[in-house]
Amino acid sequence: MVRNGLIVLLFAGLLLGLAYVGGPVRGEDAESRIRTQLAVQTALQQGRDELQRGNYGAAVSCLEKEIARVDGSREYMNALREAYRGYIHELNQAQRFAEARPYQERLKILDPGYHLEMNAGHSSVAPAIATLASQTSPPTAKPNPPARPTPTKTYTARPQMPEEPDRFSADISAPLSSSSGTAPSQVGDLLTRAKQAFDRKDYVAANRLYDEANRVDNHALTPYRELWAFCKLCCVTDDVNKSGWSPPTEAEKEILAALALTDSPQLQRQGKEMLRTIQDRRIEIRHTPAQNGRWAEAETTNFCVVHMQSRDLAEQVARVAETTRAAMIRKWFGEESKPWERKCRIILYATAEHYARGSHSSAASPGHSTMQSEPDNPERVVFRRIELHCDVADMLTHVLPHETTHAVLAGRFGRHHVPRWADEGMAVLTEPREKIDRYLKNLPTHHSKHELFPVGKLMGMAEYPDGRLVTPFYVQSISLVEYLSSQKGGPQEFARFVRDGLEGGYEAALRRHYGIQDFNDLQDRWSKAALGGSSGVAAIYPLRQ
């Protein structure tokens, strides 16, 4: 939600990057089209049957085999998302973290909210917010003494060893020479014990033994560099998972050492992903206590949280905002984030009443954001502010990511402001999937009441509609953004499409980016995908009511 009356500008789109999701090509004969539809329908039914039996791995296998031929069916994607969640849980329970990792990455594509659940400790957020909010005081009261922050639980999967023949076992018994004059038997004993520890998956012990062997004779470690690198990455992963939001100080140093040891593309990629995860989480926060009537502040590189709440809650808000900002810039624009010229202020009110009084907004609103740009240069954002109240149970996982996305999109569309439909559609898609589905399940109802807009009119709306059409506007915007950002090229292609559409017209941009001829063509394709129609796979899967 954004404030009306000001220049306002905005995570997480649905990048269905598993495969290009498209229907049968034009000109394909009827028989082939029927076979495609039957194959997809059969896969969906088999997947649902396996889900009912609790066989999540089998459900994933059934559903993934036809993913390339799905014609935008939300029913199919919902079933696949449920299968991923169940299978990930099973693998993690069995401590098969490396096997769970690729499915976590795919689920983050299907459900952007899953990324935030992992980083914000989904299972404990709501009780924490309720507890912290109940301990807060009205704005005029003195703040509570700063409490020691409690790390929020996070999870990062262990890396996977490259799948290639074990070329290390033969080296253990090979004669060893030592340039330092150390007895070869000493180094050989360390390497033998290290490999034994590795084989029993005791990577901490293996890493320590490889370190020790390297100190004795660094030349002897050459055949073992990849094993040693893998051990270092696993140890860092475990340390990061134990530490929560604040990774250990030596974590980056260990990852860099691991990257220097291996040429394996797989370990290089996993190490760099871990490095980026640590850098995203390593958020320095400077606290200024409340004094002389001024509220306390918690500052990061890009945000300043102004509050009279507990120090712990202020830190959680700051970290979620920074993490969401980095993820959204990467997701929609394919860039690593650079600091904003001016920090975004996040104002936390204790209750809805305080929020309404302090922000002059409706107490029914969970929060809002306000952005201002230079009048003649929309790309130069001079003011960002997010206002929230802490008695909203899902503030960290729903409201804050939504409003942070509004702030991220400000100034990113050239000489134009982000259009309302894209602004709200992209923002809602940052929220957990169950919240998105609560919106989308109402799409058929709005359609039957003739409350939806022609897509050309929706894209051209400069402001929100009035009265009863506000909710249909949100629902249709979410659905249309989800549909377009699920096409080939994903969210980044969608962002380029919006920018080009604002500059040279949406119909020309549709042809250039998606091969869609005009608004009528888009209306037909989107309607079939979102609502079903007379043709296409979506027609045989009614929307979930």
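Colleague: What should the 23 residues of helix 13 span at 1.5 Å a residue, and how far apart are its end C-alpha atoms?

Modeller: This is a predicted model, in which local features need pLDDT of at least 70, side-chain atom pairs count only at pLDDT 80 or more, and totals for chains, interfaces and linings use all residues. Residues are numbered from 1 along each chain as its sequence is written, and side-chain values use heavy atoms, without hydrogens and water. Helices (H or I, at least four residues) and strands (E, at least two) are DSSP runs numbered from the N terminus, and the expected span of a helix is 1.5 Å times one less than its number of residues. For helix 13 this gives 33 Å, which agrees with the distance between its end C-alpha atoms, 33 Å.

Colleague: How many residues of helix 13 are buried?

Modeller: Buried means under 20% relative accessible area, exposed over 50%, and partly exposed in between (1.4 Å probe, protein chains only). Helix 13 is largely enclosed by the rest of the structure, because the buried residues number 22 of the 23.

Colleague: Which residues of strand 3 are buried on each side?

Modeller: In a regular strand the side chains alternate between the two faces of the sheet. In strand 3 (residues 303-307), 5 of its 5 residues are buried. One side holds F303, V305 and H307, and the other holds C304 and V306.

Colleague: Which residue of strand 4 stands opposite V305?

Modeller: Two strands pair if DSSP finds at least two bridges between them. Strand 3 and strand 4 (residues 344-349) run parallel, joined by 4 bridges. The residue opposite V305 is I346.
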